[in-house]
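Subject: Structure for you to look at, with notes

Dear colleague,

I am passing on the structure we spoke about, and below it you will find my notes on what turned up. Please read them with the model open beside you.

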Amino acid sequence: MTDGASLWLSRKKWLWAGLGVPVLVAAWWAFRPEKLWINEKVNEPAPFASSSDPQPLYTGRLAGKAHATTGRASIYQTPDGKRDLRLTDFATSNGPDLHVLLAQSDDESLARDFVKGELNSVELGRLRANQGDQNYDLPGSVDLSKYDSVVIYCERFHAVFGVAKLERF
Amino acid sequence: MMVRKIKFAMALAALTVALGLRVSVYAQDNMKHENGAKTLATGTFHGKVHQTSGRATIYKEEDGKLVLRLTNFKTSNGPDVHVILIAAGDADDNANFLKSNTERVELGKLKGNEGDQNYEIPAGTDLAKYRTVSVYCERFDANFGAAPLEKF
């Protein structure tokens, strides 16, 4: 025990310690390894948050399939729980019997330009216009974690004009 | 002869109406409850080396101030991590903006590696030029994650 203590006090050890500690401190400062385990959480409110405004829940860009389609599809929710779909910067080609639908992004039918048979979908209504901003009410019960894609669909020819995969806002 | 011409013209008109494919209909629904701030652009983060996810959105407040807001945000914690806007359409996980001389706008030190947070964007920043958000470790010039922004 006394041997160990005298060794620790020997000059060489002090030299090593004098060199080693700054190196360790520098390495710690550079890499901050403790940050691998320590998380810093923040939760700032939106700077303009007004609880009476509808909040966007999901959004996605429309991509054209059978016809060139562009724009953004977003789902908003009002404080009373009502949800609606809003299309912005929207443009598609005009056509007969166009509808706005919600469908499942993993549905194989959506990968093709034309759907064989029926598309498993939720109807939101006839497309009001092939250009411009427009809103569609969502049925209260629709499960958006399941029906996570907006589809511009031509019922007559079963043509998928455009699809937007919705992502959490 | 004249009757035939008129008939032809009428048939042509009917055909045009029937096809109707070239006719555009324009809608202009208003946002039902427009609040003060306007959402300009949004995008989602990607980053695999340092798992980064969430959404970056740029708002314009009523007084014209630009704000970047991160939501559902998560990245790995690290030393000297900053939020920057870069003059590029997107950035790879291993992008080194120092080496590639990418122009950037500093928005400040990352406030937290998890959670919702806001950053002020300096007045006069050209958002048509700086269109990607990067979470960037200054010390090691490492891009933790990038979010390419698209018009909202």
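How many helices and strands make up the secondary structure of chain B? Chain B has one helix and ten strands, where helices (H or I, at least four residues) and strands (E, at least two) are DSSP runs numbered from the N terminus. Read from the N terminus, the order of its elements is α-β-β-β-β-β-β-β-β-β-β.

Before the details, please note that this is a predicted model, in which local features need pLDDT of at least 70 and side-chain atom pairs count only at pLDDT 80 or more, while totals for chains, interfaces and linings use all residues. Residues are numbered from 1 along each chain as its sequence is written, chains are lettered from A and ligands numbered from 1 in the order in which they are written, and side-chain values use heavy atoms, with hydrogens and water left out.

Chain B on its own

Of the 152 residues in chain B, 46% are buried, where buried means under 20% relative accessible area, exposed over 50% and partly exposed in between (1.4 Å probe, protein chains only). Taking a contact as heavy atoms within 4.5 Å, residues 24 or more positions apart supply 62% of the chain B contacts that have a separation of 6 or more.

An open sheet of six strands, with mixed pairing, runs in the order β1(A)-β7(B)-β4(B)-β3(B)-β2(B)-β10(B); two strands are taken to pair if DSSP finds at least two bridges between them. The edges are held by β1 of chain A and β10 (150-151) of chain B, each of which has a single partner strand, so one side of each is left without a neighbour in the sheet.

Strand β7 of chain B, residues 114-121, is mostly covered, with seven of its eight residues buried. This strand runs parallel to β1(A), to which three bridges join it, and it pairs with β4(B) in the antiparallel sense over six bridges.

The interface

In the contact between the chains, 43 residues of chain A meet 42 residues of chain B. The two chains bury about 3900 Å² between them, 47% of it on carbon and sulfur atoms, buried area being the accessible area (1.4 Å probe) that two parts lose on being put together, summed over both.

Across this interface the rule finds four salt bridges, each defined as a side-chain nitrogen of Lys or Arg within 4 Å of a carboxyl oxygen of Asp or Glu.

On the side of chain A that touches chain B, the elements that give two or more residues are α2, β1, β2 (55-64), β3 (70-77), β4 (83-91), β7 (131-137) and β10 (167-168) of chain A, and the largest share, six residues, comes from β7(A).

N113(B) lies in the loop between β6 (104-109) and β7 of chain B, and it counts as buried because its relative accessibility is 1%. The side chain of N113(B) makes a polar contact with the side chain of N39(A) at 2.7 Å. Leaving aside residues up to four places away in sequence, N113(B) touches N39(A) and E40(A) in the other chain, and F73(B), K74(B), T75(B), S76(B) and N77(B) in its own.

Two positive phi values

R32(A), in the loop between α2 (11-31) and β1 (41-43) of chain A, has a phi near 40°, a positive value in a residue other than glycine. D80(B), in the loop between β4 (66-74) and β5 (81-86) of chain B, likewise has a positive phi, near 55°.

With best wishes

Conventions: Polar contact = N/O pair within 3.5 Å; in protein donor to acceptor, adjacent residues only side chain to side chain.
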